[in-house]
Amino acid sequence: MMDLWEDDLLERYPENPKKSKEEFRNYDNPARDTVKEFYKMNHTYQTYDFVLEKEKEFLSLDRKKMGLWDAIEYLNTLVDDSDPDIDLDQTQHLLQTSEAIRADGHPDWFVLTGFLHDLGKVLCLFGEPQWAVVGDTFPVGCRFSDKIVYPDFFKANHDFSNEKYNTKLGVYEENCGLRNVHMSWGHDEYLYHVMKDYLPEEGLYIIRYHSFYAQHREHAYDHLMDEHDHAMFKWVDKFNPYDLYTKAPVKPNVAELKPYYEDLAAKYLPDTIRF
Ligand SMILES: [Fe+2]
Ligand SMILES: [Fe+2]
């Protein structure tokens, strides 16, 4: 499923819209049904109360202590059994993302952010269902935008008919800043909390909002953002192509790259990270 979700993103936001549209035109596509089924669950169960509950459950970060490389290896034990022909494992996706950032001469914290950005998927290994780990994220506690993928599925969400939560602003104030907004629960929000004391703010924005496509691609939630969010989202936008369009079939040489990333981790992260 995890890879299917990412393939679906490529279909929705192709690097070269003209060309890809033809390539992806496929009306009888079982992968698409799996993605649809996934979003049906996600949009039904990601309520305001659910998110608060998950925040309480996970943000004390007392599940596991791991060094960066242990965490990377732990994440790699995740096998995606719904997709038999995965060619890249989690570590390879992370390295392809970060190596592309490094090749473009960006600062080292940006490279490290690329290497870390999906580490929050360890939530799957803590027994969380995929619809509460991956997929596009969106604010809860206010009206679901119709710019979110498969917006019709929100009709089954309890908050959809709750007038506390179904107005444009819901429980929030206009331009209150995203730091005051609860996002649907998943690997982005979780990893933000794991890393929040260690990375520059730009990197933290990338981690926290990299799946918030309704905003960084569709600008559907400007009314909740403040000036500072907009300035920081320049980095989220800068990061997105590295996440989506660097899935080359050439596998990075993990052993060769490891020393570089160990040095980078030593510069920014503590020896053990609390998950
Ligand atoms: Fe991600
Ligand atoms: Fe990613």
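How many residues does helix 3 have, and what distance does it reach from its first C-alpha to its last?

Reply: Please keep in mind from the start that this is a predicted model. Helix 3 runs over residues 30–45, which gives it 16 residues, and from its first C-alpha to its last it reaches 23 Å, close to the 22 Å expected at 1.5 Å a residue.

Now turn to the side chains' surroundings along this helix. Val-35, Phe-38, Tyr-39, Asn-42 and His-43 are buried in helix 3. When one looks down the axis of helix 3, these buried residues fall within an arc of 125°, so they line one face of the helix. As for what lies against the buried residues of helix 3, they pack against helix 1, which covers residues 2–12.

Stepping back to the whole protein, its secondary structure comes to 12 helices and 2 strands, and along the sequence these follow the pattern α-α-α-α-β-α-α-α-α-α-α-α-α-β. The radius of gyration of the protein is 18 Å, close to the 19 Å that the globule rule gives for 275 residues, so the protein is as compact as a globular protein of that length. Its C-alpha atoms fill a box of roughly 55 × 45 × 35 Å, taken along the principal axes, and buried residues make up 39% of the 275 residues. If one considers the contacts between residues at least 6 apart in sequence, 79% of them join residues at least 24 apart.

Most residues other than glycine have a negative phi. Tyr-150, which sits in the loop between helix 7 (108–116) and helix 8 (187–195), has a phi near 50°, a positive value in a residue other than glycine. Tyr-150 counts as partly exposed because it has 14 C-beta neighbours inside 10 Å. His-219 lies in the loop between helix 10 (213–216) and helix 11 (227–244), and its phi is positive, about 50°, although His-219 is not a glycine. With 12 C-beta neighbours inside 10 Å, His-219 counts as exposed.

Notes
Residues are numbered from 1 along each chain as its sequence is written. Chains are lettered from A and ligands numbered from 1 in the order in which they are written. This is a predicted model: local features need pLDDT of at least 70, side-chain atom pairs count only at pLDDT 80 or more; totals for chains, interfaces and linings use all residues. Helices (H or I, at least four residues) and strands (E, at least two) are DSSP runs, numbered from the N terminus. The expected span of a helix is 1.5 Å times one less than its number of residues. A residue is buried if 20 or more other C-beta atoms lie within 10 Å of its own, exposed if 12 or fewer, and partly exposed in between; C-beta atoms are placed from the backbone. The arc is that of the directions from the helix axis to the C-beta atoms. Two residues are in contact if their C-beta atoms, placed from the backbone, lie within 7 Å. The radius of gyration is taken over C-alpha atoms; the globule rule is 2.2 Å times the number of residues to the power 0.38.
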